[in-house]
Amino acid sequence: MGFIKRLLVVLGIASIAGAILRVKGKTTDSPQQGGWRQVTPPTDQS
Amino acid sequence: MAPSHPADRSELTLISRKKIGVVGAGVTGSRVIDQLCSVGQNHVLLHDTKTLVAQRLANVRRRGTASVQTASWHELLSESAAVSVVVLSCAAPHAQLARQLLSAKISVVSLSDDVTDVLELLGLHEMALANGVTLIVGAASSPGMSGLLLRYLADSFESIDEVHVASHGTGGPDCARQHHRALSGQSIGWHDDDWIRRPAGSGRELCWFPPPIGAYDCYRAEVPDPLLLKRAAPELQRVTARVSATRRDRFTARLPMLAAPNQEGGLGGLRIEVRGRRNGERHTAVAGVAERVAQVAGVVAATTAAALLSGEIGIQGAHVLGEVALPNAMLLTGVLNGGVRLHEFVGA
């Protein structure tokens with residue numbers, strides 16, 4: 001009985017934490033542009 | 001008018017010693033000659049152990065004002081040949097040839113990409129100093145172009161601590177054989193103030209090269225890039241080098257080459273990733289080129305040789321491209337003017 005209670009508590013805490021992260025969490029979009037760009041020759045003669 | 005003063009005579013001698021020698025009439029050697037002629041260096045002496053191949057290449061390249069002549073090894077070394085700089089574009093080892101050339105007070109540009117050979121070449125520093133000439137070690141694509149790109153990227157950082165190089169493709173047949181050997185040896189890497197050795201062919205990493213090459217699996221290999229890049233930038237804490245390889249390449253690496261290599265590999269690539277601090281924050285910059293490997297190697301070697309001849313590289317002793325003491329920006333500009341396109345990765 002004690003084991004089931006502990007399991008329910010753990011699942012409840014995990015659910016609440018997951019819900020908070022889902023609502024409050026911020027996702028960053030992966031870059032949709034960019035990549036290889038040709039570079040012009042450097043002009044300084046150092 | 002004949003010079004009357006001894007100083008005038010010495011000046012005349014210096015001016016007349018304005019020839020470049022090229023050893024090796026293979027794919028890379030021919031690209032070296034092309035580039036030398038395109039930058040106005042019209043007097044080239046060509047040597048190859050296969051005399052017929054050298055004569056054929058000299059005949060093909062001898063047009064307009066370009067004077068490409070074949071020479072024996074002894075003629076190349078002789079005072080009368082008036083050679084100031086020799087580009088070693090033949091198969092490694094180069095150390096023995098370089099030793100003879102330095103003794104004859106001729107500067108050397110070596111394209112060697114063999115680790116043992118490169119170490120021997122670097123050991124000729126004192127000899128080059130004693131003879132008042134310059135030895136540039138590893139002036140090809142990788143190493144060579146990798147050093148120039150390292151310095152190009154490093155100049156935009158406040159400090160750098162990591163460099164990771166990857167290359168794809170091979171030049172001529174000798175380069176392909178070296179690539180085959182490199183996958184069966186011991187890779188060298190610099191890791192937190194110590195040289196580490198790992199089996200070549202291990203450490204798979206997916207590396208993206210500039211278009212149109214794209215992504216290739218790259219593996220550790222016995223290549224001299226870490227040695228030379230560490231020498232070019234002693235502050236580095238981690239240096240690795242990888243080459244692209246297929247399953248068949250790795251499986252057959254410890255066997256003799258099963259088929260003769262192609263006359264020239266296809267489009268190759270080089271990418272270099274530099275990590276360090278920029279504007280007080282951790283930053284990574286990636287640059288690369290996509291071109292035939294022999295073309296990149298030939299243009300880098302020829303540009304370096306022309307800079308030696310014109311005195312733009314005045315420092316004596318053994319050096320590697322990317323060292324602060326060398327005019328790397330000027331050399332990179334020369335290489336890019338030679339048709340090699342530089343790409344930088346942005347948006348990451």
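I note first that a crossing of two helices counts as left-handed if the near helix is turned anticlockwise from the far one by less than a right angle, and as right-handed if it is turned clockwise. Helices (H or I, at least four residues) and strands (E, at least two) are taken as DSSP runs, numbered from the N terminus.

**Conventions and confidence**

I keep in mind that this is a predicted model, in which local features need pLDDT of at least 70 and side-chain atom pairs count only at pLDDT 80 or more, while totals for chains, interfaces and linings use all residues. Residues are numbered from 1 along each chain as its sequence is written, and chains are lettered from A and ligands numbered from 1 in the order in which they are written.

I looked up the scores, which are ipTM 0.75 and pTM 0.85. Where pLDDT is low, the predicted coordinates should not be read in detail.

I then turned to chain A, which has 1 helix and 1 strand, and in which 2% of the 46 residues are buried. My cut-offs are that a residue is buried if 20 or more other C-beta atoms lie within 10 Å of its own, exposed if 12 or fewer, and partly exposed in between, with C-beta atoms placed from the backbone.

**Helix H12 of chain B and its two partners**

I followed the packing of H12(B), residues 293-310, against H2(B), residues 27-38, and found an angle of about 50° with the axes 8 Å apart. Axes are lines fitted to C-alpha atoms, for helices over the stretch in contact, and angles run from 0 to 180 degrees between N-to-C directions. Angles under 35 degrees count as roughly parallel, over 145 as roughly antiparallel, 65 to 115 as roughly perpendicular and the rest as oblique, and H2(B) and H12(B) are therefore oblique to each other. H2(B) passes H12(B) in a right-handed crossing. The residues in contact include Val27(B), Arg31(B) and Leu36(B) of H2(B) and Ala294(B), Gly298(B) and Ala305(B) of H12(B). By class, this contact has 10 nonpolar, 5 polar and 2 charged residues, where Ala, Val, Leu, Ile, Met, Phe, Trp, Tyr, Cys and Pro count as nonpolar, Asp, Glu, Lys and Arg as charged, and the others, Gly among them, as polar.

I next looked at H13(B), residues 328-337, which packs with H12(B) at an angle of about 130°, the axes being 9 Å apart. That angle makes H12(B) oblique to H13(B), and H12(B) passes H13(B) in a right-handed crossing. From H12(B), Val299(B), Val300(B), Thr303(B), Thr304(B) and Ala307(B) meet Leu331(B), Gly334(B) and Val335(B) of H13(B). This contact has 5 nonpolar, 3 polar and no charged residues.

**The loop between S6 and H8**

I placed Ala139(B) in the chain B loop between strand S6 (134-137) and helix H8 (145-154). Ala139(B) counts as buried because 31 C-beta neighbours lie inside 10 Å. Its contacts beyond four places in sequence include Val300(B), Ala301(B) and Thr304(B), as well as Leu321(B).

**Other backbone entries**

I noted a cis peptide bond joining Pro211(B) and Pro212(B), with omega about 10°; Pro212(B) is in the loop between strand S10 (205-209) and strand S11 (214-220).

Lys105(B), not a glycine, has a positive phi of about 60° and is found in the loop between helix H5 (95-103) and strand S5 (107-110). Lys105(B) counts as partly exposed, since it has 13 C-beta neighbours inside 10 Å. Asp193(B) has a positive phi near 65°, and Asp193(B) is exposed, with 7 other C-beta atoms within 10 Å.

Notes: Contact = placed C-beta atoms within 7 Å.
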